[in-house]
Amino acid sequence: MQPEYATFLAACVRERRRELNFSLDDVIAAGGPTRRTLVRVEAANLGPAPKPVTFRRLDSALSWGSGSAARAYWRGEKPQAATGRKLDAGTAFVAVPAALALDLFGVQIELNQVLAEDPADPGRLRASVDRLNTDLGRLLGLYLTDLLERNWQADGSALPLVEHAFRELLSAPVSEDDPDYEEKLYRRWLIGDTAGIAGELTGRFMGRLQQARKDSGENQV
């Protein structure tokens, strides 16, 4: 026999997924229950004695306050958004190195030349687009670094929404030949991914973080 509020929890989960623009896979990736369990939750078929860990994982993945999913299931209480840790979106501006700005300007000129001279040349067009993608990735990285510095936690955890939005960028393989190698390692260190980061780098990253938070007016680490 299902608890009276199983359907209520199912509706709350579906509504929250729409608010966050999350698919089932997104909920799983953010630390939620397994796909099979999620399907049962949204079908109001979780059963009369669900595991407490299921509710905890729903709270974590959907950014609900602790105990929200359980109270929705057993008491019919509306889940509340988690309080305490809120996303600091930071400033609307980040400093862009002159070299990167000039690179982007150069790619713009190059693309216009290709389109004007020989738009059917796939080799030239592909090369220009590759340069554009690289430079835009570096530009996004500047914003992401600022965002992660502002939301850094001493326990190495990251807000689920940040990890969801930038998961692909943060998890892509990093080559030592990459000119942004250390920058990418720094962003991983900011979310607690310290694999392959030597002690010397850790000390340098901590010093960089302290300076960044001081410059932005944040509390010191």
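The largest nonpolar core of this predicted model has 22 residues. A nonpolar core is a set of buried Ala, Val, Leu, Ile, Met, Phe, Trp, Tyr and Cys residues joined through side-chain atoms within 4.5 Å. Buried means under 20% relative accessible area, exposed over 50% and partly exposed in between (1.4 Å probe, protein chains only). Leu9, Val13, Leu58, Leu62 and Trp64 have the most contacts inside the core. Helices H1 (6-20), H2 (24-29), H3 (35-42), H4 (52-61) and H5 (68-75) each supply at least two of its residues. H1 gives the largest share, 6 residues. Helices are DSSP runs (H or I, at least four residues), numbered from the N terminus.

Leu58 touches Leu9, Val13, Pro33, Leu38, Val41, Trp64 and Ala69, not counting residues up to four places away in sequence. Contact means heavy atoms within 4.5 Å. Apart from this core lies another, of 16 residues, including Leu144, Leu148, Trp189 and Ile191.

Helix H10 (residues 199-215) has 17 residues and should span 24 Å at 1.5 Å a residue, which agrees with its end C-alpha atoms, 24 Å apart. The expected span is 1.5 Å times one less than the number of residues. Leu201, Phe205, Leu209, Ala212 and Arg213 are buried in H10. Seen down the helix axis, these buried residues fall within an arc of 100°, so they line one face of H10. The arc is that of the directions from the axis to the C-beta atoms. The buried residues of H10 pack against helix H7 (122-150) and helix H9 (181-190). On the other side of H10, Gly199, Glu200, Lys214 and Asp215 are exposed.

Residues are numbered from 1 along each chain as its sequence is written, and side-chain values use heavy atoms, with hydrogens and water left out. In this predicted model, local features need pLDDT of at least 70 and side-chain atom pairs count only at pLDDT 80 or more, while totals for chains, interfaces and linings use all residues.
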